[in-house]
Amino acid sequence: MWLGSSHAVNGIVGALTTAVLARALGVADYGVYALIVSLMIMMIDVADLGLSSSIVRFGSESISKGDAGRLRSVIAIVIRWKLIAGFVLLALAVLFAITIGASAFSHIHEKILTYFWISFVAVALGIAASIFTPIYQSFQQYKKYSLLLSARSLLKLILIAACVFILLELRIEALVLIEVCVIGLSLILLYALSPYKKLSPAHYDRGLAREMFSFNKWISVYQLIVLVGGRLDMAFVGGFADQAALGLYGAGSKVAALINAVASSYMSVLMSDMSLSPSHDVLRKKQKNAFAVVMLIAGGIVLIAALANPIITVLFGSAFAGASVVLQIMCVGVIFTVLSYPFSATLFALNMSAVFPIISAVSILVLTIANIILIPKYGATGAALAFAINGCVAFSLSAMMYLVKVRPFGASAR
């Protein structure tokens, strides 16, 4: 209830924030800001690589057993990883900004490097703050964590609105600084209210570390591919197109991401449900139900695609009308992704998680090639087409892996 309410509040606040940003910045500057935020979120998520799952898995187990020493070791292992991964990631980001960023994105905005430098501060704070999410989950502090998430979204909206209505202008530098302030304040509150404050890289247990990384290895590979691939589209548009294309694609992909987030909540439930009783007879019944549900979800996405123009106009304003076509094309990719859920959930339930990195790697390769070919010629529409092609490829691979590894509707594995 609390997490669901938090997602609903964040979705509403996020829509309001987007509406203010789009109208205050215009198409071109909104695209630049969307690019900066997209790369910033990607770096924060890559530094985690699924280790949060290990905290939830091993931390919850330690709490249930009352083993404070083991819990301390779990936290220490993750903190060490965050320190190492964060340092390496930021070093690579600085190197990228100096050597590639200026030449690849200089045509978008003359101050693009300045925005990158400021965003790196937000990345460092975000990596530190990400330690607390699984801690709250392990201690089942859902109410407190949900309230903190909602407060963070509201604070960002308030600061942005203050810039617009008090200072009567909204600059990209100010927005990136707002990201730094919001993440920094969130970090302070997360620590102050945390149910566990004994954060130290000491108490390192090598045996436990091996066990955690063994549990996490396929999740890490899968998440790395998905996170990087899922955020590279904005970078490709920024590198191969202009500010206007970046703004239109940023608007369309924002709505598509919200649709995908809502739809993927069913995938989370489906994976958990199928894993409870992975017998073939039970899976057969659950698969049939899942196919019926995903068809209903796909029908809802078709309706959203049909209403793309009024949705874009209400959220972003008439200047972003060109993003309607982008959203419609991206909805095709989301539909294919949703239709793959029954196949993917079955493979997961039967402990065949090793197929997911393969599926992700192939689909991201296709996405990269499609972006390189289509964006220079078609701009934002080309990026949307690449996204739709990627969704179709991912669906085809999931279905093929399912047919290869498992007979239809839960028969015995080959």
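Start by selecting E173 and R171: their side chains meet in a salt bridge, at 3.9 Å from N to O. Here a salt bridge is a side-chain nitrogen of Lys or Arg within 4 Å of a carboxyl oxygen of Asp or Glu. Before going further, note that this is a predicted model, where local features need pLDDT of at least 70, side-chain atom pairs count only at pLDDT 80 or more, and totals for chains, interfaces and linings use all residues. Residues are numbered from 1 along each chain as its sequence is written, and side-chain values use heavy atoms, with hydrogens and water left out.

E173 sits in helix α7 (residues 172-192) and K111 in the loop between α3 and α4, so the pair ties together parts that are 62 residues apart in sequence. (Helices are DSSP runs of H or I, at least four residues, numbered from the N terminus.) Salt bridges that share partners join K111, R171 and E173 into one network.

Colour these by accessibility, where buried means under 20% relative accessible area, exposed over 50%, and partly exposed in between, using a 1.4 Å probe and protein chains only. E173 counts as buried at 17%, while K111 is partly exposed at 32% and R171 is partly exposed at 42%.

Next, pick K156 and E179, whose side chains form a salt bridge at 2.7 Å, N to O. K156 is in helix α6 (residues 142-165) and E179 in helix α7, so this pair links parts 23 residues apart in sequence. K156 is partly exposed at 22%; E179 is buried at 7%. The structure holds three salt bridges.

Hop over to helix α11 (residues 308-316) and show A308, I312, L315 and F316, which are buried. They cover an arc of only 75 degrees around the axis, which puts them on the same side of α11; the arc is that of the directions from the helix axis to the C-beta atoms. Just past α11, click G317 for a positive phi of about 100 degrees.

Last stop: T346, in helix α13 (residues 341-349). Is T346 buried or exposed? T346 is buried, at 0% relative accessible area. Its side chain makes a polar contact with the side chain of Q287 at 2.8 Å; a polar contact is a pair of N or O atoms within 3.5 Å, and within protein one must be able to donate a hydrogen and the other to accept it, while residues adjacent in sequence count only if both atoms are side-chain atoms.

Definitions and conventions:
Helix = DSSP H or I, 4+ residues; strand = E, 2+ residues; numbered from the N terminus.
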